[in-house]
Amino acid sequence: MSRYSIAVVGATGAVGEEIFRVMEELDFPVGELLPLASARSAGEQIEFAGKSIRVEELTEDVFEGRDIDIAFFSAGGSISEKYAKYAVEAGAVVIDNTSYFRMDPNVPLIVPEVNPEDIALWRESGIIANPNCSTIQMVQLLKPLHDLYGIKRVDVSTYQATSGAGKEGMEELVKEMQAFFAFKLGEYKPEAFAHQIALNVIPHIDVPQENGYTKEEMKMINETNKIMHSDFAVSATCVRVPVLRSHSESITITFGEDVDVDVDRAREVLANFENVELIDDMNNNEYPMPITTTDTDITAVGRVRKDLYSDNILHIWGVADQIRVGAATNSIRIAQKWIKLQEDN
Ligand code: A2P
């Protein structure tokens with residue numbers, strides 16, 4: 001098998017570090033590896049496959065003459081906006097973890113279990129976008145149910161971990177917990193979030209929009225239909241909770257008027273979907289929780305039940321590791337499909 005030269009932009013961040021871990025675990029065919037970050041971290045070492053590799057500063061010309069095949073970007077939208085084009089010009093495919101390119105009609109937005117065929121459009125721009133973390137784990141559950149019954153509407157409330165705000169977000173939760181146990185929580189000034197996140201929940205993720213929703217909620221609404229090639233209604237309420245790194249979602253799915261949901265059949269198609277695991281046994285206290293999925297690559301689903309009033313409505317509960325399924329693992333799975341496409345042609 002060929003080996004591929006890989007650049008990771010944001011190599012010192014929560015997602016960048018996880019990309020190295022997932023590449024090692026999945027035995028990704030890495031040739032050369034170029035870890036990139038800001039000038040602050042240039043010169044630091046990252047460990048990969050038993051070797052120490054020096055982090056370099058991301059600059060406009062750092063990709064020149066390096067023969068990079070795949071460049072993962074995970075350093076924020078403004079960095080992708082400014083630097084992705086230099087990686088593309090140097091001949092790499094960019095797999096971008098930020099929201100910057102996601103709704104660009106020339107950029108495929110990929111969840112490999114759901115719309116792998118769209119990867120072929122990568123040549124239009126040289127860029128493949130990795131969707132929003134909450135969207136990825138939701139569409140992995142919607143896809144088999146949409147194929148089964150045809151979705152008309154989705155209402156989702158999220159319980160999102162602090163990892164969605166990067167290392168700074170996770171560190172803030174830990175510092176606030178430490179301050180709480182030292183009886184000093186009142187003195188701690190939140191920086192990553194608008195309010196204290198320890199012992200609290202915050203119904204506000206990303207910037208408010210004029211329509212009363214937040215940008216995070218609009219990402220879930222817009223990205224879902226782009227990935228699924230669908231046009232059903234979606235409404236989202238996104239909430240930050242004091243969890244380190246797995247997002248949970250309560251999802252209500254409305255099918256066409258004539259559908260009479262068979263819950264066993266719904267459970268079956270969910271359980272059989274790639275990378276989804278059904279954990280649904282209330283009598284034995286078995287259902288997905290953040291501690292179930294953290295540090296794994298599964299999207300867990302449980303609490304599958306029919307609405308008490310309408311035969312065409314189903315309620316489910318989905319959980320997945322935000323840094324892995326919602327970011328690093330999805331990016332690596334995209335890269336694996338991209339490689340297969342190159343090797344098949
Ligand atoms: P650095 O550690 O040098 O600041 P997280 O999402 O966990 O907050 O991580 C953000 C990642 O994006 C880090 O690797 C960070 O590098 C990187 N980053 C932030 N600003 C820049 C920049 N101006 N140029 C390159 N990388 C950046």
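This is a predicted model: local features need pLDDT of at least 70, side-chain atom pairs count only at pLDDT 80 or more; totals for chains, interfaces and linings use all residues.

Next, display the polar atoms around the ligand. An oxygen atom of the ligand is 2.3 Å from an N or O atom in the side chain of serine 41, while the backbone takes part at two further places: a polar backbone atom of glycine 13 is 3.0 Å from an oxygen atom of the ligand, and a backbone N or O atom of lysine 167 lies 3.1 Å from a ligand oxygen atom. Of the 570 Å² of accessible area that the ligand has on its own, the protein covers 71%.

Now widen the view to the largest pocket, in which the ligand sits and whose volume is about 1,200 Å³. Select its 47 lining residues and centre on Ala75, Gly76, Gly164, Ala165 and Gly166, which lie nearest the centre of the pocket. Helices that each supply at least two residues of this lining include α1 (14–25), α4 (166–181) and α8 (324–344), and the lining as a whole divides into 18 nonpolar, 20 polar and nine charged residues.

Finally, turn to the second largest pocket, with a volume of about 180 Å³. Its lining comprises 13 residues, with Val30, Gly31, Phe48, Ala49 and Lys51 closest to its centre. Two or more lining residues come from each of α1, β2 (30–37) and β4 (51–54), and β2 gives the largest share, four residues.

How values were computed:
Residues are numbered from 1 along each chain as its sequence is written. Side-chain values use heavy atoms; hydrogens and water are left out. A polar contact is a pair of N or O atoms within 3.5 Å; within protein, one must be able to donate a hydrogen and the other to accept it, and residues adjacent in sequence count only if both atoms are side-chain atoms. Accessible areas come from the Shrake-Rupley method with a 1.4 Å probe; for residues, only the protein chains shown count as cover. On a 1 Å grid over the protein atoms alone, a cavity is a set of points where a 1.4 Å probe fits but cannot get out, and a pocket is an open set with protein on both sides within 12 Å along at least five of seven lines; lining residues have an atom within 4 Å of a point. A molecule sits in a cavity or pocket if more than half of its atoms lie within 2 Å of its grid points. Grid points are joined across faces, edges and corners, and a volume is the space filled by probe spheres set on the points. Ala, Val, Leu, Ile, Met, Phe, Trp, Tyr, Cys and Pro count as nonpolar, Asp, Glu, Lys and Arg as charged, and the others, Gly among them, as polar.
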